[in-house]
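Dear colleague,

I am handing over a structure for you to look at before we next talk. Please open it first, and then read the notes below with the model beside you.

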2 protein chains.
Amino acid sequence: MGCPGVAAADSSRKAQRKAAMPIQPVLIAGQWRAARSSGVFHAENPATGETLPGEYPVSAWADCNVALDAAVAAAEKLRATPAGQIAQFLSLFADRLEARATEIVDIAHLETALAKAPRLSQVELPRTTGQLRQAAAAVGEGSWALPTIDTKLNIRSCLGPIGPVVVFGPNNFPFAYNCVSGGDFAAAIASGNPVIGKAHPSHPATTRLIAEEAFAAVAAAGLPPATVQLIYHLSPDDGLRLIGDPRLGAAGFTGSRAAGLKLKVAADAAGKPIYLELSSLNPVIILPGALDERASKIADDFTGSCLLATGQMCTNPGFIILLAGPTTERFIAAVEQRFSSAAPAPLLSSGVARNLAASVQKLQSAGAQLIVGGAAPPGPGWRFANTLLRVDGARFLAESKALQTEAFGNASIFVIVRDAAEAATVIDHLEGNLTGSIYSDTRGSDDALYAGLAPRLRQRVGRFLNDKMPTGVAVTAAMNHGGPYPATGHPGFTAVGIPAALRRFAMLQCYDNVRSARLPPALRDRNPNGKMWRLIDGQMTQADAVPRS
Amino acid sequence: MGCPGVAAADSSRKAQRKAAMPIQPVLIAGQWRAARSSGVFHAENPATGETLPGEYPVSAWADCNVALDAAVAAAEKLRATPAGQIAQFLSLFADRLEARATEIVDIAHLETALAKAPRLSQVELPRTTGQLRQAAAAVGEGSWALPTIDTKLNIRSCLGPIGPVVVFGPNNFPFAYNCVSGGDFAAAIASGNPVIGKAHPSHPATTRLIAEEAFAAVAAAGLPPATVQLIYHLSPDDGLRLIGDPRLGAAGFTGSRAAGLKLKVAADAAGKPIYLELSSLNPVIILPGALDERASKIADDFTGSCLLATGQMCTNPGFIILLAGPTTERFIAAVEQRFSSAAPAPLLSSGVARNLAASVQKLQSAGAQLIVGGAAPPGPGWRFANTLLRVDGARFLAESKALQTEAFGNASIFVIVRDAAEAATVIDHLEGNLTGSIYSDTRGSDDALYAGLAPRLRQRVGRFLNDKMPTGVAVTAAMNHGGPYPATGHPGFTAVGIPAALRRFAMLQCYDNVRSARLPPALRDRNPNGKMWRLIDGQMTQADAVPRS
């Protein structure tokens, strides 16, 4: 997805250059304090291209250093904090976000151009508070940690806090993936870790308001003050240094592949888990029977999904595989008509607009033909015409790397294959993706094709769909918002879905022959809340353990 | 632990040099066939230093290439294979190993100098077959995959096969960690993946016999023939190429830190999970009250643990923290006496002996003083005198990196700290370890010290023990044989302990709106065996799912 989470400082605006308003403080070590900064930056209104008020610091390493020390001390205290108190923080924070919803939505709309309603106020904010409350419930219940007890050997284990977590938020979900309120934040806190949030520089004021509420909730719940810290921006080098710092436990990053892979190298070298959500084309295969049966409905679904939030979704359907033929040509014409007639909404930033234009250009250079769109329309703000491209299977196979360039935004490419065998080969050339969909007819005429293609696509994606576009990531325990590299860094984990998402920010902690009073509550004989599921001597149970010795 | 899993070819013995016996074939693509080799090697009898009969090939890349293609095809078939059939293979294989136990134990004794009894025949082989049977039971039951169903949204997920797995076995457990019978093998197969085993070159004949039984069991269970493949040796470059190959799903490696970290770089760059078990000092803190109470018992425990299998255990207690004082000096003298009077048993190979001598030398160069041992005794074979070193806390802190050099074998270092504060600082300087132990008295006099030190040690180790030495890794669901980097590559996973170990070789697979007949059995409404635990609409249950729509 979109813009790098780690970007260069705006060198034209140095900290020493006095602005009309004071530079916004950062939240470090339990207080809002002046940043040690190497520069400043400001947000823009994507709908108009105008600079928004407020100067935000690009923190120097000194800020990271103090934040890391404070996080280590907070982590130590959090490990001795009852689960209920952490759950209380998450709930209080959700309440506080709702109480300040109008102000937060207004600011986020200015900074992102996403609609106040339904998107920001009725979809994303409720999703965000919902995630926080689901995380609170999971902490209170405790089964997420997979507590396991062998009473005969007196060996007991469960997942426990991994240490301070840095979260790099993306540009496209100012609440639900925000570094101090989103899914990574909720999961990292719920598994008992302090979070150092690194804001996305495209929406700093939104992040500031959210962090104010998080910090107030930290105080109200009596958690260590440095449980939540906020830095707005970093130089790329400091970002890498932060990720590789020995004081860190793990990191979460959602953003561009280029920035994420650099962070991955730094984390890997330091032996630190990093959970990445990078690019994804989200291939959709539409089989001929489905087009015969319901082409118009599928064209509506696809257009809605592809243009949702101007296409700036991690799960945007960016790559459509169709079998050559007149039905497919009619379908493409129908989609073209829909794309032409829909007015393009603003993109999140000038950077997104620039990258989208460059990606579309790159796809064309690799042999894709433009069906519609392909340039910025006249007018203010950051927009790009709704764009469709096409390429045939043979050409795709000749340039499969370049033709998998993610065009983050309102653009998709149709890959027209000549037959089932070529479709299979195209799938085999796909990189790892978050999602993959197959549309088939309901009368069985596509079943043979489906049987040949589905197992191949299954292995290349995290979430596999039937007859459905991939946008709309439901926050449910059964969700997988993850997938094989390079969609993420490890195919075993999901960023969305509780309790699974919590397990990313945890280490497996075994206790061997440890005296009872020294055990964490989840591993004592007595079930701490009567509800926690534990694997005791091979049996899943909510009962107390009965020592055999 | 010990010798590199990827070693240089023995260039003095080229394939073209005709030996008395033919070069042993490799097991690739469903047949025992002549290797495409770049050289040959042979095993040695560590007790005598003599070359053992049998020439084994160092496979060239061509062997890896064919094995990878065969593994991809086998993986595709395995994904459609019923769980019960995979379970059947694991059980049949265990039976076959037992039926051939005498021959396998005899060969392993020759190649490793480990005792036939109790070690090989009564401990390690039963552990190995036990692991295989536990894995079989886990596959049949199915809960290991954490199946999760949201009936309202019709979103369903579980862990599924990650793809072909390469397992690099270590030198020190010829059965229980063998690349074609050990914990990684059992886990990778149980989660539905074919395995390419890379033998440890110190026990090729043992591995050959085991692979013969595995291959026979593959045929008997009707699995794809390339479910199990075996290569004996590789050049370091081919090892790295294998790990980074796009056809691979994941890798498991147990061996030296130097070799493992090179493989990690290759796997990380390719975005492939690699599960490493590298070095570990397994720190043991013995508090003063415990020494007052039971010094002699602890000296016995420590000596037994440290010299077990000539110290060649991943969990060998190599680093003992003691508080300065006369009780500690008496304890050290008691251990010295025990170390002096125990005859050193053979080491696993000339390489282990060489590395051990070099490590002890490095520790001395960094300021450690020799208490006893420190050199090879006269006589045949590969031996090293039982060795103890000591260093004070201040010196340790000045050279903490060098003084954490792992001396794999029958050697340990005592770190004598002046007080609790220095003990805490020493712990804070420890790298990640598999285990950490604290001995304290039973009357409460150590409780304050324990309370200050235990939380620090807890975060730096995978398995935390009280009053117990770390050797003896019980195969139980509650075990954690893992730990923070550089003990392993990710602190959330364990190499021992079923079902958790299976989850390493799996990807999270979500099904969104997928038609019922197209779902894997574990995710259909009906519980496939009535025993599988599934999280359905937020409730753990063994019942069928009842669709709400």
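**Helix α3 of chain B**

Helix α3 of chain B covers residues 101-112, twelve in number, and spans 16 Å from its first C-alpha to its last, close to the 16 Å expected at 1.5 Å a residue; the expected span is 1.5 Å times one less than the number of residues, and helices (H or I, at least four residues) and strands (E, at least two) are DSSP runs numbered from the N terminus. Please keep in mind that this is a predicted model, in which local features need pLDDT of at least 70 and side-chain atom pairs count only at pLDDT 80 or more, while totals for chains, interfaces and linings use all residues. Residues are numbered from 1 along each chain as its sequence is written, chains are lettered from A and ligands numbered from 1 in the order in which they are written, and side-chain values use heavy atoms, with hydrogens and water left out.

Which residues of α3(B) are buried? They are Ala101(B), Ile104(B), Val105(B), Ala108(B), Glu111(B) and Thr112(B), where buried means under 20% relative accessible area, exposed over 50%, and partly exposed in between (1.4 Å probe, protein chains only). Seen down the axis of α3(B), these buried residues fall within an arc of 130°, so they line one face of the helix; the arc is that of the directions from the helix axis to the C-beta atoms. An α-helix has 3.6 residues a turn, so residues three or four places apart point the same way. The buried residues of α3(B) pack against α2 (83-99), α4 (116-141) and α6 (204-221) of chain B, contact meaning heavy atoms within 4.5 Å. Just after the helix, Ala113(B) takes a positive phi of about 65°.

**Where chains A and B meet**

In the interface, 67 residues of chain B are in contact with 67 residues of chain A. The area buried between the two chains is about 5200 Å², of which carbon and sulfur atoms give 53%; this is the accessible area (1.4 Å probe) that two parts lose on being put together, summed over both.

The rule finds eight salt bridges across this interface, each being a side-chain nitrogen of Lys or Arg within 4 Å of a carboxyl oxygen of Asp or Glu. Asp447(A) forms a salt bridge with Arg518(B), and their closest N and O atoms are 3.6 Å apart. On the side of chain B that touches chain A, the elements giving two or more residues include α1 (61-79), α8 (257-270) and β19 (506-512) of chain B, and the largest share, seven residues, comes from β19(B).

Asp441(A) lies in the loop between β17 (433-439) and α14 (447-459) of chain A, and at 1% relative accessibility it counts as buried. Leaving aside neighbours within four places in sequence, the contacts of Asp441(A) include Gly289(A), Arg294(A) and, from the other chain, Arg515(B).

Asp245(A) is found in the loop between α7 (236-243) and β10 (250-254) of chain A, and it is buried, with a relative accessible area of 8%. With neighbours within four places in sequence left aside, Asp245(A) is in contact with Trp61(A), Leu68(A) and Lys272(A).

Gly183(A) lies in helix α5 (residues 183-190) of chain A and counts as buried at 15% relative accessibility. Not counting residues up to four places away in sequence, Gly183(A) touches Gln131(A), Ala176(A), Tyr177(A) and Arg504(A).

With best wishes
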